Amino acid sequence: MTTIDDVARLAGVSTATVSRALRGLPTVSESTRIRVLLAAEQLDYTVSPSASRLAGGKTGTVAVIVPRITPWFVGAVVEAAEEVLHAAGYDLLLYNIGGREHARTRLLKSNLPKRVDAVMLVATPMRADDLATIASLALPGVTVSSGVVVPGWPSIRIDDQAAGRTATEHLLSLGHRRIACVWGDPDDEFAHPAHLERHRGYREALGAAGISPDPRLEIEVRADAEGGRAATERLIAQGELPTAIFASCNELAMGVLIALRMAGVRVPQQVSVIGIDDHDLAGAFGLTTVAQPAAEQGRLAAGTLLGPLAGRARTGEEPAPVILPARLVVRDSTGPARED
């Protein structure tokens, strides 16, 4: 039978630290608390705070609001967050609201304070009145790559504009000058502001290189593989292919690659392709990408909720956003610009 000593050895801390971490005491750092919780989960060490939560009128549940569960980034964030929260004894209640007005309305009228103890908003665009309603619930919360601000809530994300700039600068460094941008339409029901920021980074990099954006090479589409395929077919139909294509997410980039290969266009000999995210399938596609740590964002977001869930009040100061680094991962889909 697993003991607290086993958890302490696996986590590399003392048994007293394990005890404090599992009880949610404020003397344990969030990074140590997460390490202890994951060790407890791995060893199937049972944490049962349910009795004390019920006595305090708590539900033991965290609401996770997503636009869709199918995008790779959303799934990776939710899975990692669930691992941390489950280890701490909390369940997740998933609200999948993208493209369904009745689901959004039901969420905002569902009396969340009686159903959950906290809210996590993942990559979900929200209208101003929706955000006001969520803020009025007075629940602890955190946003992950949502591009929205809820007063008093911390946010976890990457610098999306910098990621778009890094992707474009990589293409520029290979000698590309005629670079297309395929990006998620910010007005699309499934899009979120990250695509707009990544497009801004693309334009910023072009401007720094003395290149004026060509409107014919900037195509807004739904941010999935089908959108990437459709955008590439439009580029091919123009008659003069760009030497490189920057896609604002990996799902788009995969659609770009599929369309190019179906058209007999060699990658990267004729056209280089780069995306952002580092989807689980990016390696299989040989896709060069700017990788963002999706799972780490989920773990950190869950960790930021553990203090408030344990009754520890935050300071009165507005929390600063946590900006995680993204990194360039070069694979086979990018190469030197072709010589025309």
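## Asp 278 and Asp 277

Asp 278 lies in the loop between strand S9 and strand S10 (288-291), where strands are DSSP runs of E with at least two residues and helices are runs of H or I with at least four, both numbered from the N terminus. At 18% relative accessibility, Asp 278 counts as buried, a word that stands for under 20% relative accessible area, with exposed meaning over 50% and partly exposed in between (1.4 Å probe, protein chains only). Its phi is positive, about 75°, although Asp 278 is not a glycine.

Asp 277 is found in strand S9 and is buried, with a relative accessible area of 4%. Asp 277 also has a positive phi, of about 135°, without being a glycine. Most residues other than glycine have a negative phi, and most peptide bonds are trans. The bond from Val 267 to Pro 268 is cis, with omega near 5°, and Pro 268 is placed in the loop between helix H11 and strand S9 (272-277).

## The model and the chain

This is a predicted model, in which local features need pLDDT of at least 70 and side-chain atom pairs count only at pLDDT 80 or more, while totals for chains, interfaces and linings use all residues. Residues are numbered from 1 along each chain as its sequence is written, and side-chain values use heavy atoms, with hydrogens and water left out.

The secondary structure of the protein chain comes to 12 helices and 12 strands, and buried residues make up 52% of its 340 residues. Of the contacts (heavy atoms within 4.5 Å) in the protein chain with a separation of 6 or more, 73% join residues 24 or more positions apart.

The 13 residues of helix H10 (residues 225-237) should span 18 Å at 1.5 Å a residue, and the end C-alpha atoms are 18 Å apart, which agrees; the expected span is 1.5 Å times one less than the number of residues. In H10, Gly 227, Gly 228, Ala 231, Thr 232 and Leu 235 are buried. They cover an arc of only 130° around the axis, which puts them on the same side of H10, the arc being that of the directions from the helix axis to the C-beta atoms. The cover over the buried residues of H10 includes S6, strand S7 (218-221), strand S8 (244-247) and helix H11 (250-262).

Ile 219, placed in strand S7, is buried with a relative accessible area of 2%. Leaving out residues up to four places away in sequence, Ile 219 touches Cys 181, Val 182, Trp 183, Ala 231, Arg 234 and Leu 235.

## The nonpolar cores

A nonpolar core is a set of buried Ala, Val, Leu, Ile, Met, Phe, Trp, Tyr and Cys residues joined through side-chain atoms within 4.5 Å. The largest one has 59 residues, of which Val 36, Leu 85, Met 120, Val 122 and Phe 246 touch the most other members. Helix H5 (residues 72-87) gives the most to this core, with 10 residues. Apart from it lies another core, of 23 residues, among them Leu 217, Ile 245, Ala 247 and Cys 249.

## Arg 178

Arg 178 is placed in the loop between helix H8 (160-173) and strand S6 (179-184) and is buried, with a relative accessible area of 18%. A polar atom of the Arg 178 side chain lies 3.0 Å from the backbone oxygen of Glu 240.

Definitions and conventions: A polar contact is a pair of N or O atoms within 3.5 Å; within protein, one must be able to donate a hydrogen and the other to accept it, and residues adjacent in sequence count only if both atoms are side-chain atoms.
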